[in-house]
Amino acid sequence: MRAAIYCRISQDRAGAGLGVARQEEDCRVLCERKGWIVVEVYPDNDVSAYSGAPRPAWSRLLADVRDGNVDAIVGWHVDRLTRSPRELEDVIDLADKFGVELATVTGDVDLSTPTGRLVARMLGAAARHEAEHKAERQKRQRRQSAEAGKVAGGGHRPFGYEADRVTIIPDEAEIIRECVRRVLAMESLASIVRDLTERGITTTAGNSFKVTSLRQLLCRARISGRREHTPRSNWETTRPIIGDIVADAVWPGIINPEESDRVRAILTDPDRLTRQPGRVNSYLLTGLLICHCNARLVGRPRSGVPRYVCSNAPGYDSCGKTATNTKRTDDYIRDLVIVALDSPEFIALLRSQQALGSEASDAIKDDEQELEDLARDWAHKKITRREWMAVRVIIEQRLERNRAAEARESRRNVLRGFIGTLEEMYARWERMNVSQRRAVLNAALISVKVNPADPKKRWDPDRFVPEWIA
């Protein structure tokens, strides 16, 4: 009888494979006692059978059974083979079709008889039941640990902290503070990532930073000394994973909570996440210029001269007849904005809108506290899960609206460090990169409409109609 040994362990933090080695040893003893020849061992180390994650060795084993290379499957227990009743039915079907036998160290299971199949199904159902209970216990344990502000383990150490996850590394902490300042100044993550890469700054895994990894780092409440808990439902979103802040942490923060809240609002702003980058590296006004036909102008040179044009690409409902010189347009819109920022009336309007932004911040804190209280009521069985879910949806929708409002206010905060005299603003403009300059324009302008040019004029500034934020 040609026997295949299957070994699996769900979690192997040390990566030593000792669990599967012990299973293999016991299974070999069983095969020797039965007089079976072990043709191959199929180990799936550190792979859960409950989560539904791919199990390469298990898939290979089933393929070998179908190919007629295996007569018997040997495992330590039925739950080592599978914790899914659906997968167990696949094994039973293989036994029916190919006559494969199943033996475990904890007792044989005869899949050739109805009683044996019943026993296998009962063992599988019991394994599934235990796996679900274990998942619930672990979920509650993680939540309880988060509410106590304790350190969460696993994976590489967090950037900015030593391996103990508590002690701050000064050099890395300063990089985080620098990135936070640049995000609050509305510099793009792509611009910051390029700079970090050029300076040779890497993640704790030794990889170059990417926009996604930097966004996730800066969105973590950990860097502000707070503990967050991420519900599993949040893992399925395409947005950055943002957890519920549930407690002050046992480790010190690198930035303060107010800075963290502002950064999280900016980086999770739906407008920012869905905005198409276009030629943002070299064309300052990409996304701001709107043709009179309502299409967005894009950067496209002609004979080596950069221009903004209304694209006439197939499939786009645009006129394709509007174009303007990039350098002269950039300078003109720059002058428009700087002169506006020198106006006391414009600044007064901006400040009145900032008051609305502060109201959104207060509402966010109230809603986050309400979510925390709601979760606590559910944990203590004061409300049902259905009641918890119904109220949670309403609060989260309100939170999303207020976070978007706070993000819009954060975009205007970039002006605080820019506004001064005309001479000071022009000097600061010259020191900025394209991403920082665009942040200043986006803080003052919603868009700029570009009308057809007067054919009698070589340069027609009257064709540009700005729509101001205030």
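Mentor: L445 stands opposite W468 in β12. This is a predicted model, in which local features need pLDDT of at least 70, side-chain atom pairs need 80 or more, and totals for chains, interfaces and linings use all residues. Residues are numbered from 1 along each chain as its sequence is written, and side-chain values use heavy atoms, without hydrogens or water.

Strand β11 spans residues 445-450. β11 and β12 pair antiparallel over 5 bridges. Strands here are DSSP E runs of at least two residues, helices are H or I runs of at least four, and both are numbered from the N terminus. Two strands pair if DSSP finds at least two bridges between them.

The sheet is open and has 3 strands, in the order β7-β11-β12. Its pairing is mixed. β7 (289-291) and β12 (464-468) are the edge strands. Each has a single partner strand, so one side of each is left without a neighbour in the sheet. From one strand to the next, the twist averages 30°. Axes are lines fitted to C-alpha atoms, for helices over the stretch in contact, and angles between N-to-C directions run from 0 to 180 degrees.

Now the helices. α11 (residues 326-341) lies across β7, β11 and β12. Its angle to β12 is about 40°. α15 (residues 434-444) lies across β11 and β12. α15 runs at about 90° to β11.

Next, the packing. L341 is in contact (heavy atoms within 4.5 Å) with F346, I347, L350, L415, F418, I419, M425 and V440, leaving aside neighbours within four places in sequence. L341 also belongs to the largest nonpolar core, which has 61 residues. L214, L218 and L341 have the most contacts inside it. Such a core is a set of buried Ala, Val, Leu, Ile, Met, Phe, Trp, Tyr and Cys residues joined through side-chain atoms within 4.5 Å. Buried means under 20% relative accessible area, exposed over 50%, and partly exposed in between, with a 1.4 Å probe and protein chains only. Helix α6 (residues 170-184) gives the largest share of this core, 7 residues. Another core lies apart from it, with 18 residues, including L62, V65, I73 and A95.

A salt bridge is a Lys or Arg side-chain nitrogen within 4 Å of an Asp or Glu carboxyl oxygen. By that rule there are 22. One joins E172 and R157, with closest N and O atoms 2.8 Å apart. E172 lies in α6, and R157 in the loop between α5 (114-147) and α6, so the pair ties together parts 15 residues apart in sequence. E172 is buried at 13%, while R157 is partly exposed at 26%.

R177 and E174 form another, at 3.5 Å between the closest N and O atoms. Both lie in α6, 3 residues apart, about one turn of the helix. R177 is partly exposed at 30%. E174 is partly exposed at 38%.

D195 and R199 meet at 2.8 Å, N to O. D195 has a relative accessible area of 21%, so it counts as partly exposed. R199 is partly exposed too, at 41%. Shared partners join E178, R182, E187, D195 and R199 into one salt-bridge network.
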